[in-house]
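This briefing goes with the sequence and model shown below. It is grouped by topic, and terms are defined where they are first used.

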Amino acid sequence: MKIHIHQKYIEGIRKKDSKVVQEIYNFFFPAIETYILKNRGSQDDAHDVFQEGMQMLYHEVTTKDFKIKAGLNNWFFIVCRNIWYKKLNKKAKQPVTISEEIDLKSVEDTEEMIIANERKQLYLSKFKLLSEK
């Protein structure tokens, strides 16, 4: 059986080789970053997603007989894309909170001011009609 070119990354992760991890970062991160930035994310989001993807990769490589068939970069991109989708969904489902408390008394005062102003405008328009006759 032919060994995939990315098998060196898997072996390096198993051996906890920091050079291999740096190589993975250099090779895979730009695609992840571009994807996250184009899909409503920030650079910090890209780093977070990449880190979570690396944790998942480490878990898969060290706990299972992990074999590459289509390229580690493809597998890793799909994992990171799914992590990003989950984060976006979580953000969308979070309730919107207002950090400042609303003073109901000031809301009532504002409503009264609006009604008083509308009443004043109505009176002025009617007085204008009277003076024209």
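Is Lys91 buried, partly exposed or exposed? Lys91 counts as partly exposed because its relative accessibility is 44%, where buried means under 20% relative accessible area, exposed over 50%, and partly exposed in between (1.4 Å probe, protein chains only). The model is predicted: local features need pLDDT of at least 70, side-chain atom pairs count only at pLDDT 80 or more, and totals for chains, interfaces and linings use all residues. Residues are numbered from 1 along each chain as its sequence is written, and side-chain values use heavy atoms, with hydrogens and water left out.

**Fold**

- The protein has five helices and zero strands; helices (H or I, at least four residues) and strands (E, at least two) are DSSP runs, numbered from the N terminus.
- Read from the N terminus, the order of elements is α-α-α-α-α.
- Of the 133 residues in the protein, 26% are buried.

**Salt bridges**

- Four salt bridges are found in a search of the whole structure, a salt bridge being a side-chain nitrogen of Lys or Arg within 4 Å of a carboxyl oxygen of Asp or Glu.
- Side chains of opposite charge can pair when their charged atoms come close.
- One of the four joins Lys91 and Asp45, with the closest N and O atoms 3.8 Å apart. Lys91 lies in helix α4 (residues 72–93) and Asp45 in helix α3, so this pair ties together parts that are 46 residues apart in sequence. Asp45 counts as buried because its relative accessibility is 16%.
- Lys87 pairs with Glu52 in a salt bridge whose closest N and O atoms are 2.9 Å apart. Because Lys87 is in helix α4 and Glu52 in helix α3, the pair ties together parts that are 35 residues apart in sequence. Lys87 is partly exposed at 26% relative accessibility, and Glu52 is partly exposed at 31% relative accessible area.
- Glu23 and Lys8 form a salt bridge with 3.2 Å between the closest N and O atoms. This pair links distant parts of the chain, with Glu23 in helix α2 and Lys8 in helix α1 (residues 7–14), 15 residues apart. Glu23 is partly exposed at 35% relative accessibility, and Lys8 is partly exposed with a relative accessible area of 46%.

**Largest pocket**

- Rolling a probe the size of a water molecule over the atoms shows where empty space is left.
- The largest pocket has a volume of about 220 Å³. On a 1 Å grid over the protein atoms alone, a pocket is an open set of points where a 1.4 Å probe fits, with protein on both sides within 12 Å along at least five of seven lines. Grid points are joined across faces, edges and corners, and a volume is the space filled by probe spheres set on the points.
- Its lining, meaning residues with an atom within 4 Å of a point, consists of Ile13, Val21, Tyr25, Phe29, His47, Phe50, Gln51, Met54, Gln55 and Tyr58.
- Helices α2 (18–38) and α3 (43–63) each supply at least two residues of this lining, and α3 gives the largest share, six residues.
- The lining has seven nonpolar, three polar and no charged residues. Here Ala, Val, Leu, Ile, Met, Phe, Trp, Tyr, Cys and Pro count as nonpolar, Asp, Glu, Lys and Arg as charged, and the others, Gly among them, as polar.

**Loops with positive phi**

- Lys16, in the loop between α1 and α2, has a positive phi of about 60° although it is not a glycine. Lys16 is exposed, with a relative accessible area of 61%.
- Arg40 sits in the loop between α2 and α3. Arg40 is not a glycine either, yet has a positive phi of about 65°, and is exposed at 68% relative accessible area.

**A residue pair between segments**

- Met56 lies in helix α3 and is partly exposed, with a relative accessible area of 38%.
- The C-alpha atoms of Met56 and Cys80 are 9.4 Å apart, while the two residues are 24 residues apart along the chain.
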